[in-house]
Amino acid sequence: MYGIVARDLRDLMTKGCQKLQIPRKGCRICLDKDGTEVHADNFSCLEDNCKLIILEQGQQWNGKICYYLNKILHDQNNEELIMIARRMLSDETEPRKKMLLKCIVQNSAGNITAENRKDDQEWFEGLESRFKTKSDYMRFSCGRRMRNYLSEVKSHAENVDKKVKEKYCAFVARIEKLLQQNKFNGCYFDRTAKENSRLCTDKGWFTCQVSMS
């Protein structure tokens, strides 16, 4: 980390690239906290002593939270990353980011790798005894959600125009049959399922596909 004083964006880019000993061509400057790109017209709006990052051509940066979340999702040994998340949580003021960091810390502190009830009894508190593994419950949870969605779609038939209602009901019936054949896609939430059948990682994490703003 370096401290640089600059009169404008061009000056900052020149000094920053010199300090890092990288070629200037194709480089961009972004806010360290969330990856927002800095342009000449908003350079004067930056807070004093704000943290910036210089990206070389082809590099991406979505902010500290996204960076460490990605590391936690894919690294086997993440104790150091959890400590960093705790420090970030103590400094963060934005409510949604605090909630995300709190979720990361709380869930990572648990016995994530355990699968059976006997190995992580706290996780199974309040759940029916028929669920012997975490994957058992997650398959059930996903299937229940899909059934609820299907129920909503079927009930919508009451509002469909009479001219197309028959086709609508036939289409929904086909969807229901497919869902039944696929056990209501319970594998989506099952971390033990094949990679191309599930939506989560092999640790049970789900990756958010939308940006936080």
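**Exercise 1.** Find the angle at which helices α5 and α6 pack, and state how the two helices run relative to each other.

*Solution.* Step 1: in this predicted model, local features need pLDDT of at least 70, side-chain atom pairs count only at pLDDT 80 or more, and totals for chains, interfaces and linings use all residues. Residues are numbered from 1 along each chain as its sequence is written, and side-chain values use heavy atoms, leaving out hydrogens and water.

Step 1: α5 covers residues 134-155, and α6 covers residues 162-181. Helices are DSSP runs of H or I with at least four residues, strands are runs of E with at least two, and both are numbered from the N terminus.

Step 2: the angle between α5 and α6 is about 170°, and their axes lie 10 Å apart. Axes are lines fitted to C-alpha atoms, for helices over the stretch in contact, and angles run from 0 to 180 degrees between N-to-C directions.

Step 3: α5 is therefore roughly antiparallel to α6, a term for angles over 145 degrees.

Step 4: in contact (heavy atoms within 4.5 Å), M146, L150, V153 and K154 of α5 meet Y168, V172, E176 and L179 of α6.

**Exercise 2.** Compare the reach of α6 with its expected span, then describe its N-terminal end.

*Solution.* Step 1: α6 has 20 residues.

Step 1: D161 caps the N-terminal end, with a side-chain oxygen 2.8 Å from the backbone nitrogen of K163.

**Exercise 3.** How many residues form the largest nonpolar core, and which element supplies the largest share?

*Solution.* Step 1: a nonpolar core is a set of buried Ala, Val, Leu, Ile, Met, Phe, Trp, Tyr and Cys residues joined through side-chain atoms within 4.5 Å.

Step 1: the largest has 11 residues, including L9, L12, V38 and F43. Its largest share, four residues, comes from α1.

Step 2: a second, separate core of seven residues includes L150, V172, F184 and F189.

Note on methods. Buried means under 20% relative accessible area, exposed over 50%, partly exposed in between (1.4 Å probe, protein chains only). The expected span of a helix is 1.5 Å times one less than its number of residues. A polar contact is a pair of N or O atoms within 3.5 Å; within protein, one must be able to donate a hydrogen and the other to accept it, and residues adjacent in sequence count only if both atoms are side-chain atoms. Angles under 35 degrees count as roughly parallel, over 145 as roughly antiparallel, 65 to 115 as roughly perpendicular and the rest as oblique.
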